[in-house]
Amino acid sequence: MTATVLTLSACGLSGSGEQQQAQPVTGEVKGQVSFQTWNLKSKFGDYFTGLIAEFEKQHPGAKVEWLDQPADGYADKLSADASAGTLPDILNLSPDLAYPLYQKKLLLDLDTAAPDAKKDYLPNAWQGYVMPSPDPAQRRNAAFPWYLNTGPNFYNKQLFSQNGLDPAKPPKTYDELKEQALRLAGASGGKVAMLGQTPGIEDFGLFGVPLMDEGGTRFTFNDAKGVQLVELYKAMYDAKALLPEALSATYTGSGAKFLAQQIALSSGSAYDLQKFRTDAPGLYNNIGITEPMTNTGKANMYLQGLSIAAQSKNKPTAIAFARFVTNAKNQLGFAKIVTVFPSTTGTLDDPFFTSEDGTDVGRVRVAAAKQLANAVNYTPVQLSDQMKTILRNEIANAMLGKQSAKQALDNAVAQCDKLLRPNG
């Protein structure tokens, strides 16, 4: 399993030649379907083998072929299969991977195909797979939500106390972040930074910056609030409170720097906490856990879902199996063996997510579950890897003083809008 969010380029995809279905999908649950996951077989093979056996037992005429693709090259594999017309019946997709396929009419509109499904999932999880359109009537769902993730901020209590900060009072607001970061950098003589990355698009969302217009036709993160966020990071960078390596194209990321105790604060999840305990016990013993900073009151959420190929020859069985995998019982079972959270209505009320067990992992799990009640996937589905690189590079130039924060964001928006509308 990987937390990396890949982006599928729409270039080279060919439409299925058929229109989206105009009525619910009905029919017997029988025959064979293919089910493709993303880097899950090596660790969770027994779970899925058992799940498939249970489904086939409930539906004696059905057969599920399980395909699992490696994390590396998954987007390329999807693109190649889409072009060849060989997409599996059921596909494990993040929202950004679903978007270009849906735009090419290669995925079913599940609001129409399974109109009774929406009520079974958390509203914000279902909304995470609603594809943007200038026409509100065309904003339709492209996947059954599956597992979710979010997380707290971790901070190094030892680095805090060694550099004049109260380890019992981590920053709760962006103003507190800036103030404490400058104090930490000053006390350490610039040897310890608070942060190890420049702001990504989800940081703009958390800060309260409007990222796109309502129809998803243009980017809007260059407004006054977006400029304020970049200027806040610029002040930290100038004070050496933001790690200089973060501007490098070959940078390994803030997670690695936090693990090496070179920065004092980083976002993460319960999965990361387990990694700290295994790989860096010295750090683990000094870990502080706090809520992520947000001006909106809503944390960031990552989603995985199951989409149905529009060209599937056995849509009733494909839909039935996708809903079986993502039903409340099976999502709860999966969440108990993987560090993820269910997307089904009411499942987060299970004691597993509401009662701490005295461990740090349990504490993070309960805190994250509370956040997911109204968390948001801030990253627009239209934001490609190329666009992310543009934003990162423009912000880096602002950090280096080569241009103002306003100019950096204006440049990024102009380039991203051009990629969004290549023909006009």
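At which residue does helix H1 bend, and by about how many degrees? Helix H1 bends at Tyr-47, by about 35 degrees. The bend at a residue is defined as the angle between axes fitted to the seven residues ending there and the seven starting there.

Before I continue, a word on the basis of this talk. The model is predicted: local features need pLDDT of at least 70 and side-chain atom pairs count only at pLDDT 80 or more, while totals for chains, interfaces and linings use all residues. Residues are numbered from 1 along each chain as its sequence is written, and side-chain values use heavy atoms, with hydrogens and water left out.

Let us take the whole protein next. The protein has 18 helices and nine strands; these are DSSP runs, helices being H or I with at least four residues and strands being E with at least two, numbered from the N terminus. The radius of gyration is 22 Å, close to the 22 Å that the globule rule gives for 424 residues, so the protein is as compact as a globular protein of that length. Here the radius is taken over C-alpha atoms, and the rule is 2.2 Å times the number of residues to the power 0.38. Along the principal axes, the C-alpha atoms fill a box of roughly 70 × 55 × 30 Å. Of the 424 residues, 53% are buried; buried means under 20% relative accessible area, exposed means over 50%, and partly exposed lies in between, with a 1.4 Å probe and protein chains only.

I return to helix H1. Among its buried residues are Phe-44, Tyr-47, Phe-48 and Leu-51. The buried residues of H1 pack against strand S1 (31-38), strand S2 (62-69), S4, helix H13 (315-325) and H14.

Side chains of opposite charge can pair when their charged atoms come close. How many salt bridges does a search of the whole structure find? The search finds 15. In one of them, the side chains of Glu-54 and Lys-329 meet at 3.7 Å, N to O. Glu-54 lies in helix H1 (residues 41-58) and Lys-329 in helix H14 (residues 328-335), so the pair ties together parts that are 275 residues apart in sequence. Glu-54 is partly exposed at 28% relative accessible area, whereas Lys-329 is exposed at 58%.

A further salt bridge joins Arg-140 and Asp-109 at 3.1 Å, N to O. This pair links distant parts of the chain, 31 residues apart, with each partner in a loop. Is Asp-109 buried or exposed? Asp-109 is buried, with a relative accessible area of 6%, while Arg-140 is partly exposed at 24%.

Asp-213 and Arg-218 also form a salt bridge, their closest N and O atoms being 4.0 Å apart.

I close with two single residues. Ser-254, in helix H10 (residues 254-259), is buried at 8% relative accessible area. Not counting residues up to four places away in sequence, Ser-254 touches Gly-196, Gln-197, Ile-263 and Ser-266, where contact means heavy atoms within 4.5 Å. Glu-291, by contrast, lies in the loop between strand S7 (287-290) and strand S8 (302-308) and is exposed at 56%.
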